[in-house]
Amino acid sequence: MTTKYKPYGSYEEGLSKRLKDPTYAAGYLNAVLQDRDADISTFLLAVADVARAHGMKNVATKAEFHRVGLHKMLRKKGNPEFRSVIKILKAIHLGFTIQPKPFAMAA
């Protein structure tokens with residue numbers, strides 16, 4: 001009996017595997033933060049992608065949230081407190097870094 005393999009994988013499965021890597025996850029979230037058209041809901045959805053890759057139940061436990069509450073916070077219309085976002089990022093081994101942005105000098 002032979003097993004047939006798909007010549008491709010789903011995008012979500014591949015993304016989930018990549019988002020388990022903290023360096024890739026940081027780049028993914030930074031790309032959203034640097035996108036001029038993105039808003040807070042876009043960032044929350046990106047954080048949700050990373051949390052799903054690490055297992056929502058596991059992230060909720062580490063961040064000391066109820067799993068359902070975590071899902072509600074990270075949905076498109078979620079409105080978590082900043083400290084909640086920090087707790088989630090810590091649970092997935094990430095954090096914020098503030099840095100100066102270069103600006104153009106007026107001539």
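Helix 2 covers residues 22–34, which makes 13 residues. From its first C-alpha to its last, helix 2 reaches 18 Å, close to the 18 Å expected at 1.5 Å a residue. The model is predicted.

Which residues of helix 2 are buried? They are Ala 25, Tyr 28, Leu 29 and Val 32. These residues cover an arc of only 90° around the axis, so they sit on the same side of helix 2. Thr 23 and Gln 34 are on the other side of helix 2, and they are exposed. Buried here means under 20% relative accessible area, and exposed means over 50%.

Now for helix 6. Its buried residues are Ser 84, Val 85, Ile 88, Leu 89 and Ala 91. Seen down the axis of helix 6, they fall within an arc of 160°, and therefore line one face of the helix. Phe 82, Arg 83 and Lys 90 lie on the other side of helix 6, where they are exposed.

| Helix 2 | 90° | helix 1 (11–19), helix 3 (40–54), helix 6 (82–91) |

Helix 6 is one of the partners of the buried residues of helix 2.

One more detail concerns the backbone. Just after helix 6, His 93 takes a positive phi of about 60°.

Terms used: Residues are numbered from 1 along each chain as its sequence is written. This is a predicted model: local features need pLDDT of at least 70, side-chain atom pairs count only at pLDDT 80 or more; totals for chains, interfaces and linings use all residues. Side-chain values use heavy atoms; hydrogens and water are left out. Helices (H or I, at least four residues) and strands (E, at least two) are DSSP runs, numbered from the N terminus. The expected span of a helix is 1.5 Å times one less than its number of residues. Buried means under 20% relative accessible area, exposed over 50%, partly exposed in between (1.4 Å probe, protein chains only). The arc is that of the directions from the helix axis to the C-beta atoms. Contact means heavy atoms within 4.5 Å.
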